[in-house]
Amino acid sequence: MKRVLKIVCLVVLVPVLAIVGLLVATFAGTPPIPDGMDLPGGARVVKDGYVSVFVLPAGPDAVALIDAGNDRQGGSIRRELSRRGLGPEAVKAIFLTHGHPDHVSACHLFPQAAVLALPGDIDLAEGRSAAASLIGNIMGRQDRQVHVTRPLRDGETVTVGDLAVEVFAVPGHTAGSAAYLTRGVLFLGDSADARRDGSMAGSKRIVSDDRDQNRASLQSLAQKLKGRAAEIQVLAFAHSGVLTGFSPLGRFAGL
């Protein structure tokens, strides 16, 4: 019996350890998430384990979130709200960069918030479909009790209180990946990452649907924004530190 149990444990543990090893190798070389860093316009980086959530002021006693993290209890988000003297009701909107479970898990804690995503990722965010990436195929559907209350459109601007957020479709990491531009910060989710040398990289292969599409989307985004380069003070990513200015995106796109 002990031998059988050992074999079962090995069968279960080896794939898990292999996945963990792949993820560690994938994200090696990226600068760490700068927990508590203040960004232009009053936004703040909140580290939730291995992923970032961004808290943006949206008027008196109101904030918006870029993503909702991996912690279903929302500990890091709650602490940041408390630091601001706010409760969960202050969260008026959650802008999802995409529907992977490590970006949507605390949505259910803020029932008064609008949850916004591009149509291509609504089923993924709500747990009705699995991600098309290698890891997504292994993990299957992930239900986090998310309900997207408002589909977004590429190119629209959404106003939450006194906060205006521009929406850009950047499919590739997932079918409905989005980037958001507001108050000088371009939030790119998992569609890109910073490198330690100050350059920008595209999405990670094992957690992305289509890296060629991802690169094309980032190149298209750079073309759209190159005439507004002076507006972009910071590039913010979900799993790494930030980069300064438009130039890392421009260089990535060959501009």
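Q: What should I know about the model before I start?
A: This is a predicted model, where local features need pLDDT of at least 70, side-chain atom pairs count only at pLDDT 80 or more, and totals for chains, interfaces and linings use all residues. Residues are numbered from 1 along each chain as its sequence is written, and side-chain values use heavy atoms, with hydrogens and water left out.

Q: How many helices and strands does the protein have?
A: Helices (H or I, at least four residues) and strands (E, at least two) are DSSP runs, numbered from the N terminus. Here you get 6 helices and 14 strands.

Q: What share of the contacts links residues 24 or more positions apart?
A: A contact means heavy atoms within 4.5 Å. Take the contacts with a separation of 6 or more: 60% of them come from residues 24 or more positions apart.

Q: In what order do the strands of the open sheet with β1 run?
A: Two strands pair if DSSP finds at least two bridges between them. Here 6 strands give the order β1-β2-β3-β4-β5-β6, an open sheet with mixed pairing. β1 and β6 (150-151) are at the edges with a single partner strand each, so one side of each has no neighbour in the sheet. Inside, β2 and β3 run antiparallel and are joined by 4 bridges; Val55 stands opposite Leu65 in β3.

Q: Which strands does α2 lie across?
A: For angles, axes are lines fitted to C-alpha atoms, for helices over the stretch in contact, and the angles run from 0 to 180 degrees between N-to-C directions. α2 lies across β1, β2, β3 and β4, at about 145 degrees to β1. The helix spans residues 75-83, and its buried residues are Gly75, Ser76, Ile77, Glu80 and Leu81. Those residues pack against β1 (44-48), β2 (51-57), β3 (63-66) and β4. Just after α2 comes Gly85, with a positive phi of about 75 degrees.

Q: And the open sheet with β7: which strands stand at its edges?
A: Its order is β7-β8-β9-β10-β13-β14, 6 strands with mixed pairing. β7 (157-160) and β14 (243-244) are the edge strands, each with a single partner strand, so one side of each is left without a neighbour in the sheet. Helix α5 (residues 211-225) packs on this sheet, touching β8 (163-169), β9 (178-182) and β10, and its direction makes about 135 degrees with that of β8.

Q: In what sense do the strands of that sheet pair, parallel or antiparallel?
A: You find both. β7 and β8 are antiparallel over 4 bridges, with Val158 partnered by Val165 in β8. Their hairpin has 2 residues between the strands, and Gly161 takes a positive phi near 60 degrees there. β8 and β9 are also antiparallel over 4 bridges, and Phe168 has Ala179 in β9 as its bridge partner. By contrast, β10 (residues 185-187) and β13 (residues 234-236) pair in the parallel sense over 3 bridges; Val185 is partnered by Val234 in β13.

Q: How many aromatic pairs are there?
A: A pair of aromatic rings is described by the distance of the centres and the angle of the planes. Rings of Phe, Tyr and Trp (its six-membered ring) pair if their centres lie within 6.5 Å; planes under 30 degrees apart count as stacked, over 60 as edge-to-face and the rest as tilted. The structure holds 2 such pairs. One of them is Phe95 with Tyr180: the centres are 5.3 Å apart and the planes at 65 degrees, so the pair is edge-to-face. Phe95 sits in strand β4 and Tyr180 in strand β9, 85 residues apart, so to speak linking distant parts of the chain. Phe95 is buried at 0% relative accessibility, and Tyr180 is buried at 0% too.

Q: Where is Ser105, and what does its side chain reach?
A: A polar contact is a pair of N or O atoms within 3.5 Å; within protein, one must be able to donate a hydrogen and the other to accept it, and residues adjacent in sequence count only if both atoms are side-chain atoms. Ser105 sits in the loop between β4 (91-95) and β5 (114-117), and its side chain reaches the backbone oxygen of Pro101 at 2.6 Å. Ser105 is buried, with a relative accessible area of 0%.

Notes
Buried < 20%, exposed > 50% of the residue type's maximum accessible area, 1.4 Å probe, protein only.
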